[in-house]
Structure formats: structure tokens, C-alpha cells
Amino acid sequence: MIRILHVSASTREASSRSRIAADMVLARLRESHPDQSIVERDLAARPLPHPDVGFVEATALPPKARTEQHAHSLALSENLIRELELSDLLLISTPMHNFTVPSVLKAWVDHVVRPYRTFQLSPEGKIGLLRPQPVLVISACGGGFMDDMPGETPRTTGKQKDFLTSYLRYVLAVIGLTQVQVLRLEHQNAPSAGDITDEINSWADQVLDQLEL
Ligand SMILES: Cc1cc2nc3c(=O)[nH]c(=O)nc-3n(C[C@H](O)[C@H](O)[C@H](O)COP(=O)(O)O)c2cc1C
């Protein structure tokens, strides 16, 4: 049996392009792996709190130095990390907000990327502690991109920089998740934005067969 964790972040429901794409990919996975379970972590329907002072103090302490109160402050984070540890495949579907992840998804990242728990600090840098699992990221974006765009300021090209893809790849690698495949759906706000079925299917054709599950 494969266990799938679907982390979603669109506030929209039926009209959400990232949700439509995720549903199609999940349907494909049901065909190829009928013996499966899915945990839905819908961050828009059930937003997570931002890290509070209790979390910030507790997360910095080595486990042996923590009190019961510290453990209590980390309880939600523990649940979210357990969800990740119990999955064989992570699917993240998300809108792009202001060139990066929406704040609800950033809050999830802040809960699951933790020293002493999902990564270890070492003189050589951070070492991921999670068992490797494939990650599929689907992002829906209103506009188009110029990935090698120079400079820091948007100019008049009508194109933008993508900080979402590189950010998710980077932060997931910190906790040990390095097999990341990304589908970026562009121009989803354009009046001409049409059916995305072919684009999703062709991406799924390339990616799903290669998954090491
Ligand atoms: C607050 C906000 C910020 C956004 N920022 C961007 C952006 O930086 N780049 C972009 O291409 N689209 C941006 N969009 C458009 C959404 O990414 C786009 O509508 C996407 O399709 C939403 O995902 P969904 O269809 O899954 O709901 C933004 C939308 C909102 C509401």
C-alpha cells in the first residue's frame, strides 16, 4: 500500500487550478496504485497558527532540555511531522502568492522544518533527517515567467521571477526530501486560460512512472 499526503493551499475550491491538477494526478495514482491511502492536509480550510513564543523557545532546545510545557508547544508540529513520516509520497498543490508560497503553506513549512527533529545542525551544514520520499509540487500562477530575469525589481516585461519553486526545493532538501518534481501552471488568470487537462496528463506521463514507490 502507498500512503499519500496531499498538502493543499488554495482558498478556492472547484475553480482552483492547483486543486483541479492535484485531483487529476491523484486519480492517475489511484489507477496505477489502487492500494493506497490519502491524508488531506488542507491548509486553506484549516489554516495553521504561525509559530508562537512557546514554539520558538521549544524548537531551539535540544530534546533533553525540554519541559512538558515545551513538548505541549510542539504538539501540533509533532502531528504534522508524523503525517510526513507516515507518507510514501508527498503531493503539494498551491497557488503562487506574490512570487512565492502562500502564507498558509509557509506556516506548514515552519512547523515541519525543525532542528533536532527533521534536520540536524552540523559543522558542515544542515542534514535532513526524514526518510526520503518523492515529492510532487503543483503550483498555479496567474502570470508567466522569465526564469533568468536579471535584477531585483520587476520591470516592464510582463514576466516575473519564480521564488516558489526554488524555495520549496531548497527547504524540502533541508529535511531530506530531494526527489522533487514540479508542475508550474502558468497564465492561469489570463482570459485565454483554458483546459489544463493535456498539460497535466503530459507532465503526469513523464513523472508518475518514474516514481520510486
Ligand atoms: C494574494 C495573491 C497574490 C498573487 N500573486 C501572484 C504572483 O505573484 N504571481 C502570479 O503569477 N500569480 C499570482 N496570483 C494569482 C494566483 O497565483 C492564480 O490566480 C492561481 O491560479 C491561484 O491558484 P488556484 O487557481 O489554485 O486557486 C496571486 C493571487 C493572489 C490572491
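Biologist: How far is a polar backbone atom of Gly143 from an oxygen atom of the ligand?

Modeller: This is a predicted model, where local features need pLDDT of at least 70, side-chain atom pairs count only at pLDDT 80 or more, and totals for chains, interfaces and linings use all residues. Residues are numbered from 1 along each chain as its sequence is written, and side-chain values use heavy atoms, leaving out hydrogens and water. Polar contacts here are pairs of N or O atoms within 3.5 Å. For the Gly143 backbone atom and the ligand oxygen, the distance is 2.8 Å.

Biologist: And which residue puts a polar side-chain atom 2.6 Å from an oxygen atom of the ligand?

Modeller: Met96 uses a polar backbone atom, 2.7 Å from a ligand oxygen. The side-chain atom at 2.6 Å belongs to Arg12.

Biologist: How many residues of the shell around the ligand are charged?

Modeller: Asp, Glu, Lys and Arg count as charged; Ala, Val, Leu, Ile, Met, Phe, Trp, Tyr, Cys and Pro are nonpolar, and the others, Gly among them, polar. The shell has 5 nonpolar and 10 polar residues, and the charged ones number 2.

Biologist: Which strand does Glu83 in helix H4 get tied to through Arg41?

Modeller: Glu83 and Arg41 form a salt bridge (Lys or Arg side-chain nitrogen within 4 Å of an Asp or Glu carboxyl oxygen), with N to O at 2.9 Å. Glu83 lies in helix H4 (residues 75-85), so the pair links parts 42 residues apart in sequence, and Arg41's part is strand S2 (residues 36-42).

How values were computed:
A polar contact is a pair of N or O atoms within 3.5 Å; within protein, one must be able to donate a hydrogen and the other to accept it, and residues adjacent in sequence count only if both atoms are side-chain atoms. Helices (H or I, at least four residues) and strands (E, at least two) are DSSP runs, numbered from the N terminus.
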